[in-house]
Amino acid sequence: MTLDLQKYGVRTDLAIEARELAGVQEMSGIQEDVEQLGDVKVTRLDVLNEQGAQRLGRIMGHYVTLEVPKLRNGDTTLQEQVTAVFTKEMEDFIAKIGINKQSKVFIVGLGNWNVTPDSLGPIVVENTLVTRQYFELMPDQVSPGYREVSAIAPGVLGLTGIESSETIQGIVELTKPDLIIAIDSLASRSLERVNTTIQVADIGIHPGSGIGNKRKGITKEIMGVPCIAIGVPTVCYASTIVNTTFELMQAHFNKQTDAGSQILGVLNEISEQERLGLVKEVLDPLGHDLIVTPKEIDEFIEDIANIIASGLNAALHDAVKLENVASYTH
């Protein structure tokens, strides 16, 4: 039997993981800046041209990723630090794409609120400070420091029978926002990044992309206004976990003994793509790969959703202040 390896590529929604998979230190068309702010590692990645996009397998645009390995510990002080860093990065991100402080913002929480790993978007919307009603009904009474913000959690196709992008497009045509911010759950190739990483990108978003579903996108080309995507990896493919386990075994045996290659045999010589292919061949009778999330997902999803919501509230409204922002971001 001949194994078709093309369909067994490593699945990830994170630009930094695509960068890692590329493996080359210097890449034409890719500009990368990494900064450590306390316990938060910030990676700013720019895909500058089609050549860079092809090499990275990502659309041209600006990507900012916050990695916080200790975020699962439930440390409230660390959560405050992440919120402050996220706020500052969002302020810079919004300014970079030319959105001013008077621009109207429409926040979209994608996902299924009945499925915990997919409920990030709806939880963020639930905790977002929306103000459009005040600007519509009593604009003269709105205090300085607030902008017009609206939000919706449109649900998923299986619940509503309507594509999320169709719902959003209809609302955009009526309310005419200047910016869309879409929040969605993602998939990662790294267990360490699940529920500990936040990605911001100016390329928009495709609902369901984290689990391989192809849906009509929420992008500037489709919506007619700039679209920022905020995503958090909440799931990981079972095949990826098995592959990562093998890599750890490989590293362990090679460290402990000179006979590591003999212990693992031919598995020590085949490529990562071939290993993934073998794992997925085992999973084929199930009809699909398994998607895995940590058992503590309920607590994790609430914590990181609150971080994103608090950060958005502070980034969008000057009147909303976070304590100790300067100490966390310098």
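Me: Leaving aside neighbours within four places in sequence, with which residues is T87 in contact?

Reply: In this predicted model, T87 is in contact with G311, A314, A315 and L322 once its neighbours within four places in sequence are set aside. T87 itself is found in helix α3, residues 76-96.

Me: Why is T87 called buried?

Reply: The relative accessible area of T87 is 4%. The term buried applies under 20%, and T87 is therefore buried.

Me: What makes strand β4 largely enclosed by the rest of the structure?

Reply: Strand β4 covers residues 105-109, and five of its five residues are buried, so the strand is largely enclosed by the rest of the structure.

Me: How do you know that both faces of β4 are covered?

Reply: On one side of β4 stand V105, I107 and G109, and on the other F106 and V108; all of them are buried. In a regular strand, side chains alternate between the two faces of the sheet.

Me: What makes β4 and strand β5 a pair?

Reply: Pairing requires at least two bridges between two strands. β4 and β5 (residues 149-152) have four bridges, in the parallel sense, and therefore meet that requirement. One of the partners in β5 is I152, bridged to V108.

Me: How do you know that β4 also pairs with strand β6?

Reply: Five bridges join β4 to β6 (residues 179-188), and the two strands run parallel. As at least two bridges are required, β4 and β6 count as paired. In β6, L179 is the bridge partner of V105.

Me: Which residues of the largest nonpolar core touch the most other members?

Reply: They are I181, I198, I230 and L312, within a core of 40 residues. Helix α12 (residues 297-316) supplies the largest share of this core, with ten residues. Apart from this core lies another, of 13 residues, among them V172, I180, A182 and M223. In soluble globular proteins, nonpolar side chains tend to be buried together.

Me: What does I230 touch, not counting residues up to four places away in sequence?

Reply: I230 touches F86, M90, I181, A182, I183, D184, I198, Q199, V200, I308 and L312.

Me: How many residues does the protein have, and what share of them count as buried?

Reply: The protein has 330 residues, of which 47% count as buried. Its helices number 13 and its strands nine. The accessible surface comes to about 16,300 Å², and 51% of that belongs to carbon and sulfur atoms.

Definitions and conventions
Residues are numbered from 1 along each chain as its sequence is written. This is a predicted model: local features need pLDDT of at least 70, side-chain atom pairs count only at pLDDT 80 or more; totals for chains, interfaces and linings use all residues. Side-chain values use heavy atoms; hydrogens and water are left out. A nonpolar core is a set of buried Ala, Val, Leu, Ile, Met, Phe, Trp, Tyr and Cys residues joined through side-chain atoms within 4.5 Å. Buried means under 20% relative accessible area, exposed over 50%, partly exposed in between (1.4 Å probe, protein chains only). Contact means heavy atoms within 4.5 Å. Accessible areas come from the Shrake-Rupley method with a 1.4 Å probe; for residues, only the protein chains shown count as cover.
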